[in-house]
Amino acid sequence: TVLVIGASGQLGSELTLALRDLYGAASVVAADVAPPKQADLRDSGPFELVDVLDKKVLGDLVSKYKFRQIYHLAAVLSATGEKNPKFAWRLNMEGLFNVLDLALEQQVRKVYWPSSIAVFGPHTPREHTPQHTIMDPNTVYGISKQAGERWCEYYFHKFGLDVRSLRYPGLIGYKSLPGGGTTDYAVDIYHKALQGETFECFLNEDTYLPMMYMPDALKATLDLMHAPAAQISVRDSYNLGAMSFSPEEITAAIRRHIPSFNIIYKPDARQQIAASWPKSINDSMARKDWGWQPAYTLDTMTADMLSNLKKLQAAQAV
Ligand code: VAH
């Protein structure tokens, strides 16, 4: 059996659905501090209300199900983290320690933990950011991801724990909504375009960011977790890339489907966070070690997002 912690979140809910398709619904236990919003996720398999900071409750759950794998996705993201720095640090770090320690104590075979391009900062080379480079993150979220990477590598080398990780770019999907990130505009923009509303963008029009369509992110995660351990040469966290675009480029892509779509730019505090992150990522290690290869581009993602959101809106309208 597999445990997904943070299963109600943007990535967690999609990963839970993908894992249930793969292993069968009954074998994938979803856990979060609140039930998932999507009915298909709620009704598709076991759900447990768990706070990852409560090591006792989490430990009882792990011993009850004897999980072979744990996907630990619960975290406070970049923008929200800046509003609650101390809580963000506590949840992101103590939550990780609880999972790493329980995995050792209860012989969990594999652990997955997401990192992010947020581990990079203002002095990191911003084009084709290398796997090993300067990292001076200046958000609490980025600092916690950088520290978390070091601890994951430590638990692997010191205790032999098979923990694996990816530095995700901004993730875009139609099945779930993002929660408190700096890249969330790239999901909201599709919803607003379909509703015929003007979109207020919280980043400047020329702010380039690495992004990825959710199906690609799910494929990368499962490919990494299924790769033989001997192929994994990176035990802090793999750089992972697919595409980069700015708000004006995604607007142009949407206008190829909805010519009347309108956008206005109202940069807020998230502009500074985005400006400290890379513009593009060198993910050659992931491609070399376990055959990473993204499938989607800005145009194919846009076509797929709009057609699926339209279907969902039609289904909800009946
Ligand atoms: C965030 N979506 O914006 C997350 C992610 C690279 C961005 O880490 O905080």
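Is serine 165 buried or exposed, and what is its relative accessible area? Serine 165 is buried, with a relative accessible area of 3%; buried stands for under 20% relative accessible area, exposed for over 50%, and partly exposed for values in between, with a 1.4 Å probe and protein chains only. The model shown is predicted, so local features require pLDDT of at least 70 and side-chain atom pairs count only at pLDDT 80 or more, while totals for chains, interfaces and linings use all residues. Residues are numbered from 1 along each chain as its sequence is written, and side-chain values use heavy atoms, with hydrogens and water left out.

**View A. Surroundings of serine 165.** Serine 165 sits in the loop between β7 (162-164) and β8 (166-168); helices (H or I, at least four residues) and strands (E, at least two) are DSSP runs, numbered from the N terminus. Its side chain reaches the backbone oxygen of tryptophan 113 at 2.7 Å and the backbone nitrogen of serine 115 at 3.5 Å. Such a polar contact is a pair of N or O atoms within 3.5 Å; within protein, one atom must be able to donate a hydrogen and the other to accept it, and residues adjacent in sequence count only if both atoms are side-chain atoms. Leaving aside residues up to four places away in sequence, serine 165 touches Tyr112, Trp113, Pro114, Ser115, Leu224, Asp236, Ser237 and Tyr238, where contact means heavy atoms within 4.5 Å.

**View B. Serine 115 in strand β6.** Strand β6 covers residues 115-116 and includes serine 115. With 2% relative accessibility, serine 115 counts as buried. Residues up to four places away in sequence apart, the contacts of serine 115 are Lys145, Glu149, Ser165, Leu166, Arg167, Tyr168 and Ser237.

View C. Around the ligand stand Leu77, Ser78, Ser116, Ile117, Tyr141, Tyr168, Pro169, Gly170, Gly181, Thr182, Thr183 and Trp277; a residue belongs here if one of its heavy atoms lies within 4 Å of the molecule. This shell divides into six nonpolar, six polar and no charged residues. In this division Ala, Val, Leu, Ile, Met, Phe, Trp, Tyr, Cys and Pro count as nonpolar, Asp, Glu, Lys and Arg as charged, and the others, Gly among them, as polar.

**View D. Polar atoms facing the ligand.** An N or O atom in the side chain of serine 78 is 2.6 Å from an oxygen atom of the ligand. A polar backbone atom of threonine 182 is likewise 2.6 Å from a ligand oxygen atom. A nitrogen atom of the ligand lies 3.1 Å from a polar side-chain atom of threonine 183. The ligand taken alone exposes 280 Å², and the protein buries 94% of that; the areas come from the Shrake-Rupley method with a 1.4 Å probe, and for residues only the protein chains shown count as cover.

View E. Helix α3 spans residues 55-65, and Leu58, Gly59, Leu61 and Val62 are buried in it. Seen down the axis of α3, these buried residues fall within an arc of 160°, so they line one face of the helix; the arc is that of the directions from the helix axis to the C-beta atoms. An α-helix has 3.6 residues a turn, so residues three or four places apart point the same way. The buried residues of α3 pack against β1 (2-5), β3 (47-49), β4 (69-72) and α5 (85-105). On the other side of α3, Lys56 and Lys64 are exposed.

View F. Lysine 66 lies in the loop between α3 and β4 and is exposed, with a relative accessible area of 58%. Although lysine 66 is not a glycine, its phi is positive, at about 50°. Glutamine 107, in the loop between α5 and β5 (110-112), also is not a glycine and has a positive phi of about 50°. At 63% relative accessibility, glutamine 107 counts as exposed. Glutamine 107 and glutamine 69 are 38 residues apart in sequence, with 9.7 Å from C-alpha to C-alpha.

**View G. Helix α7 and glycine 196.** Helix α7 is mostly covered, as eight of its ten residues are buried. These are Tyr185, Ala186, Val187, Ile189, Tyr190, His191, Ala193 and Leu194. Just after α7, glycine 196 takes a positive phi of about 70°. Glycine 196 belongs to the loop between α7 (185-194) and β10 (199-201) and is exposed, with a relative accessible area of 67%.
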